[in-house]
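User: I would like to learn how to read backbone features in a model of this kind. Please take me through them one at a time.

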Amino acid sequence: MKLLPGVFKVEKFGFQNVVSKRTKFHYSEMEKNYEDFASGITDGGYSIKGPYFYSLNNVPTDEMIDVEMFFPIIENSFEVEGYQFASYFEINQLLKTTIVGDFDRTTEHSYAGLLVTLEENKLNLATPFYHIFPKNGSKYVDLYIGYYRNISQ
């Protein structure tokens, strides 16, 4: 597989006991929605283990984003209205790049690098973009997309 600079092949990522919530909002409301999502978990009496991650499920041409937010928790069960729970979450066959520094300025370039790598290798997009934030609050984001190859290729 031919990889662009800064793009890496990853076998999988996965987490246990994952709480999620899918919602649509204006991209400028991301921080508020994140805070509401996290407080909904902790206010329900559950303990966040992290890391926080989300999937971007649309191309935000109208500045509205369709996002599914995720947080692993310590507990083995979860019941809060409006949220989903999975005992395990895993995605296989991924491409990854890391966004460092100015997230707003470099994200679009990072998306493009992953998509060009798919195209050059005749791979098909299998997932939305996943953004995984470090537990320690460092100023980087790991960006992933899942792929598959048609058997006939």
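**Backbone and fold**

Analyst: E63 is placed in the loop between β2 and β3 (64-72). Helices (H or I, at least four residues) and strands (E, at least two) are DSSP runs, numbered from the N terminus. This is a predicted model, in which local features need pLDDT of at least 70, side-chain atom pairs count only at pLDDT 80 or more, and totals for chains, interfaces and linings use all residues. Residues are numbered from 1 along each chain as its sequence is written, and side-chain values use heavy atoms, with hydrogens and water left out.

User: What is the phi of E63, and is E63 buried, partly exposed or exposed?

Analyst: Most residues other than glycine have a negative phi, and most peptide bonds are trans. E63 is not a glycine, yet its phi is positive, at about 70 degrees. Buried means under 20% relative accessible area, exposed over 50%, and partly exposed in between (1.4 Å probe, protein chains only). E63 has 40% relative accessibility and therefore counts as partly exposed.

User: Where does K122 lie, and what is its phi?

Analyst: K122 lies in the loop between α2 (103-120) and β5 (124-125). Its phi is near 55 degrees, a positive value in a residue other than glycine. With a relative accessibility of 57%, K122 counts as exposed.

User: Which peptide bond is cis?

Analyst: The bond from G50 to P51 is cis, and its omega is near 5 degrees. P51 belongs to the loop between α1 (30-43) and β2 (53-56).

User: How many helices and strands are there, and in what order do the elements run?

Analyst: The protein has two helices and seven strands. From the N terminus on, the order is β-α-β-β-β-α-β-β-β.

User: How should I read the radius of gyration of the protein?

Analyst: The radius is taken over C-alpha atoms, and the globule rule is 2.2 Å times the number of residues to the power 0.38. For 153 residues, a compact globule would have a radius of gyration near 15 Å; the protein has 16 Å, which agrees. Along the principal axes, the C-alpha atoms fill a box of roughly 50 × 30 × 30 Å.

User: What share of the residues is buried, and what share of the contacts joins residues 24 or more positions apart?

Analyst: Of the 153 residues, 41% count as buried. Contact means heavy atoms within 4.5 Å. Among contacts with a separation of 6 or more, 71% come from residues 24 or more positions apart.
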